[in-house]
Each structure stands twice: as C-alpha cells, then as structure tokens.
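I opened this model to look up two things.

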Amino acid sequence: YPRAHHASRVFLNGRDIDEQYDYIIVGGGTAGLTVADRLTEDGKTTVLVVEYGQLSNSDSIRTVAGGFNGMSDRTLLYDIQSVPQTNLRNRTIAVLAGKVVGGSSAVNAMMTVRSAADDYTRWGSFFGEDSHWTWEGLLPYFKRALNFVPPDAAVAESANISYDASYWGDTSGVYAGWPSFQYPGTAAQMEAFKGIPGVPFSKDSGSGEPGVYWFPTFMDPSIVERSYARTGHHDRAANRTNYHLVTGSKVTRVVLEGTTATGVIFVPVESDSSAKNGTQETVVRAKKEVIVSAGGIHSPQVLQLSGIGPRKLLSSAGIETVVDLPGVGQNFQDHPMLQAAFMYRNFTIHPTPEDAFLDRDFASWVDTVWAENRTGPRSIAVGNAAAWLPFSVISERAANLSATLAAQNHTLALPPDTDPTVAAGYRAQMLSYARALNSPGTAFYNLVLSGGRSSGALVNLHPLSRGTVNIDPSDPYGAEPLVDYRALTNPLDTAVMADFFRFTRRYYLDNPRTSAWRATELAPGADTQTDEDFAAYLAETLSPSEFHPSGTCAMLPRELGGVVDEELRVYGVQGLRVVDASVFPTLPGGNTCQPTYAVAEKAADLIRYGPPEKREKRQGKLPYKRTKESGLLHWVTSAWA
Ligand SMILES: Cc1cc2nc3c(=O)[nH]c(=O)nc-3n(C[C@H](O)[C@H](O)[C@H](O)COP(=O)(O)OP(=O)(O)OC[C@H]3O[C@@H](n4cnc5c(N)ncnc54)[C@H](O)[C@@H]3O)c2cc1C
C-alpha cells in the first residue's frame, strides 16, 4: 500500500490510505464523525473513517428554510424500500438514511430535541442499579455535544420563548441555534394547551421534563446554515495529520482473526457486486479497535456480513457464523407518524406560515429580509415548538392499558422463531413501558405546532411493536438489507394511537383556548370514533417511520438479546464496538439526532478512558451522580427477574 499523502486527509479511494490505524470507524455519519473528532483531538491517535457517501457542499444540505431540503435530494439518501407491511395493507415504506459525509445529520429536519430523563434511566435499568447509563450519566455529554446559542433577546421576548442555558454547553462545533423570527401564533398555540387540565409545561427542552416547550434548531445562527457532524466534527478534524477519511467506500465486513476484530475490508461504491469475489477490495488494519457507526439500518448489516448475528439467518445467506448473536438486526424501532389534519377557519394571529405564500406584502418582506441579511421566516426549519406529553395526561384509560400491557403474552408480538433471549429483552422493555404508560415521567404523545392555520406532525414516541433489519439471503453483499417495521404487531399500539387521535381532537375541537379559531377536522374525520375505526384508519394511513431507525444493535445484557454491553463492545468479540443510534435499547421519546451525538460523546470517553468506575478510582470521584430515579430501576430489574 502506498503511504498517504499527508497534505490531504480526505481520500477518494483505498489506494492512498495508510496500512494501519489505531482505530477504524465504519461510517462517517453523526456518531462516526463525533467519535473520530474526539479520538484525534490529542494529535497522536490515528483514526481512519470509511464512508459510503461523498463530501458534499450541496445547497440542499446547507439550507435551513422549511427543514426538508436535505431529504428532498435523493442522491444524498440510500434507496431502500421496506418489505410490504402486513398490517398496513401491504404498503411499503421509504427507508430514509443519509448517504453522505455527515450521514443523517446532513439530511435531517434539524429538530434539536433531548427527550425525557426517564428515557435514559430506562436504558441503564436493563443492566441494574449501578449502570452509568442514566440521565445523570448522559447529561454532561448532552452538554458537550452541542454549542447552544440563545435566541435573539428581542425575538425571545416578542415570541415568549423560554429557555434555560444551564442545561446546555457552548464548546462543541455542532450548533443548537434559533431562527431570527417566530410566527406569533406559535406561542398562542402553546398557551392553548392550558385549556386542558393537567398538561405540563417545561421551561427548556434540555431539562428532561415532558411538557409543552420550545426547542432549538441544528443551525449555526451566525451563517444561518445547517450545523451537522461534517461541519462540527469533520471540518475541525480535517487538518489533523492523524485523521483520515476515505469516501465513496463501502465496508463489506470486519476482519476477524478468531474472535478479535483486526481491521475492515471495503470496496469502491460503484463495484458493490465485486465484493464477494474479492476484486478491488482494500484491507486495512486496526491496531486497537474497529468501531461500527453505520447507523440503525447498516450497522446490523455490517455485523451480519462479518459473521456476527443470528446463526440461522447467516447460514441462509451462506455466511459462516463467528459469533452466534441472536439480537443483531432484531429489536428494530422507529417513531410512527400519524396522519391527523386540522385546519383553523378563523385563525386571527398573523402573519402565519401560510401568509408567506398567500399574502403578497408579507411574502415580499420575507424575500427582502432574507436577501438583505439572512433573517426572517426563512431562518425557520420545521418550527421550534411542540407538545411532548405523558400518556397519563392525554388518555383516561392509561391505568387500564398499562395493566393490559403488563399482563400481555409478549412473545406473541414477535416473529414466531424469535430467540428466547431476544424475547426476554422485549418483555423487559414492555414491563418498563407498562409502568411508563401510567407515569408522568415519559412522553408518549408528540404534536408539533405550526404557528399557523394547519396542524403539524403527530408522532408516537414509544411504539410497542418491534421490527427486524436482516441481510437479504438472496444477495447479502449486493442488496440493501431487508427492513421490516412489523408495524402494529403489538395490538396495543393501535389502542394507544386511537387515544392520540382523541386527544388531538380535544385540543382542536373541545378546548376553550382554541374555540375562537374554529378548527375543522380534515382527517381522520368525524366518522372515525371507535378503536376499530381507528385501527382501520391506521392500517390505511400510518407511516411507521419518522426516519429514526434504532435498536438493531441494542445495548442490553446478552441474556436480554443484547448486541453490545454498557461500554458498547460487541458480545463475544474483542476490539469491536458499535456507536450510533442502533445501540439505543429503546427509543428516546423525541427526535434521535441529539441523543446520537450524546451517546457518541460518551462512547469517545469510554474508548479513551474506560468506564466511569475506572475513572472514579483514578480520580476519586464519579463524573455523574447516581440516583434511583422514580423507582424505575428497582421496578424493572425485579419485574423480569
Ligand atoms: C430524513 C430524516 C429526517 C430526520 N429528522 C430529524 C430531526 O429533525 N431531528 C433529529 O433529531 N433527528 C432527525 N433524524 C434522525 C437523525 O438524523 C438520526 O437518528 C441520526 O443522525 C443517526 O445517526 P447515526 O450515527 O446513527 O447514523 P447516520 O448519521 O445515518 O450515519 C451512518 C453513516 O454510515 C454510512 N454507512 C452506512 N453503511 C456503510 C458501510 N457499509 N460502509 C461505509 N459507510 C457506511 C452512511 O453513509 C452514513 O454516513 C432524521 C433522519 C432522517 C433520515
């Protein structure tokens, strides 16, 4: 192998890279670039990132306005369709994931959300009381992950934006910023939740409390452009001689000597099909570790192609099993999006987002202020306000559904041949959710507020159904994995979401604070009333994805179907970790990018310094506070024991 040209650290093919690095990272996405940046900060540790996509300066990535530009450019996304969804009238779903340096952080809608504290304490609860995966254990990494720039004081005052900077940090290269304009109707729509008794409000989206709150945007407010893993981490690391990135390169497998990971094999993207017979393969060695950060869809694929996964699946694809790890590719989760549409007939608070199209004077002002100084409504992505509410707040039958979930035969919701360890992990999750359904600490319901006449997205934050992401046995190396959401396979998902519709109706149609705006229901429509009606409507309209693929290399005990341990090391393999959204054992109750950054920041410390316990011994103190918050730990551990 020729030596690398150290003047340039981004390589277009495998010929120019070094023979070996301390660490090799598979995937230059959200988590991969974060870890690479942190590991190379010392100027000595050598890291190679191998990324399928290219470095792109596309306007689609940089543009903030509306939030959807990145995902509208299909060249930046993988081309994957799910398998037909049996419970959704055999519809197939577009599986969106970023295929570019920066990964999904380059194409996402820039909603910067942290979720509830209980979501993270739940992760540690599967390991027992002493786990460092708690809210307190992650909070320092949430702070390290993002650089919070408060909203302009005048905008904050006029729009009534509340925030508390003490929940945030200001050192990262990835920014959490705010638009320079807010539609005045947004604050009024937030206030309108006061018309429904019991709805909580939170001062800051980083506090870990469910409620109605404001949240920032992944945007560098000084240039009003997307801020993401490429700008915040790759660009920082790119002038270090110990950081290399090779683009347009697909890792086909991790090299295992016995059960030790010693490197990776990758091929140029154009020649996927040649991977099998070895042409154009590049082999590169890792002196210390291989870190798989290929995301919720592709990390399980890389492990399975390397012989790490469910034995039956691997042999059906002709792959020799090195470690029989039944959880790889199972436990697949994403946030379902519901189709609910309400329209105010008399929304009197102007301007609205609709005015930017319908009112000529306002539209021309929008153009002018943007052209003059990049301010105004075009600095808004999808908006900055939403309700994130506990089920016990929105439903009268929370206690009832909680008891039903606890008593369920959980295995019935899984594929018939599910490994007993994976089934045990699912049961532990369902018991945790049974408690959460009837507690104030976990948000299940999410309604994004538009500030205008029409309603925003309605999302299920904790679906109970679990899917699979498996290599395609007919063409394991060439084809994309088979993605099966297995939507609505737990029947309680339908009941929970029926109550989401009912509550949304209550907010728009039966609320003293919204009555003057005279909402009308466009969908599902007044005829949809019973659980059965809603079930039929969901089958027709539900999208099982908010593009948050998670859980497929779950951090869980091995006896609960786990793939990685609390240090994110793959069970049964030495020198191999997974660091990305695939390790989330359960979904956070909010958008997944901020949690991915925090997990990657924590992983970088685990890799550099070992687990907190070891650091505690060295430093005489813990970097986090231990609590037995809300009894969750005790309850979950005793419930599955
Ligand atoms: C359209 C869309 C909208 C979203 N909106 C939001 C939002 O508004 N807010 C929010 O918080 N979250 C949002 N998300 C989710 C969030 O962006 C992701 O959860 C997060 O970025 C995932 O990070 P990751 O590191 O797990 O994976 P990614 O960032 O996807 O990184 C994986 C990387 O690995 C590369 N890769 C894959 N396979 C291989 C291989 N074999 N060899 C080499 N490289 C490989 C990929 O090309 C990619 O760059 C959205 C996601 C999408 C797709």
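I count two residues as touching if their C-beta atoms, placed from the backbone, lie within 7 Å. The model is predicted: local features need pLDDT of at least 70, side-chain atom pairs count only at pLDDT 80 or more, and totals for chains, interfaces and linings use all residues. Residues are numbered from 1 along each chain as its sequence is written.

**Entry 1: the annotated pair.** I looked up UniProt, where an unreviewed entry lists Val-100 and Val-251 under "binding site". They are spread over 152 residues of sequence, yet they cluster in space, with a largest C-alpha distance of 14.4 Å. Such annotations may be inferred rather than shown by experiment.

**Entry 2: Val-100.** I found Val-100 in the loop between β5 (94-95) and α4 (117-125). Helices (H or I, at least four residues) and strands (E, at least two) are DSSP runs, numbered from the N terminus. Leaving out residues up to four places away in sequence, Val-100 touches Gly-53, Gln-54, Ser-56, Leu-76 and Ala-106.

**Entry 3: Val-251.** Val-251 sits in strand β12 (residues 249-257). With residues up to four places away in sequence left out, its contacts are Val-26, Val-50, Val-264, Phe-266 and Val-302.

**Entry 4: the sheet.** I traced an open sheet of 5 strands, in the order β8-β19-β20-β21-β17, with antiparallel pairing. Strands pair if DSSP finds at least two bridges between them. β8 (211-214) and β17 (337-338) stand at the edges with a single partner strand each, so one side of each has no neighbour in the sheet. β8 is joined to β19 (residues 385-390) by 4 bridges. Tyr-213 has Ala-386 in β19 as its bridge partner.
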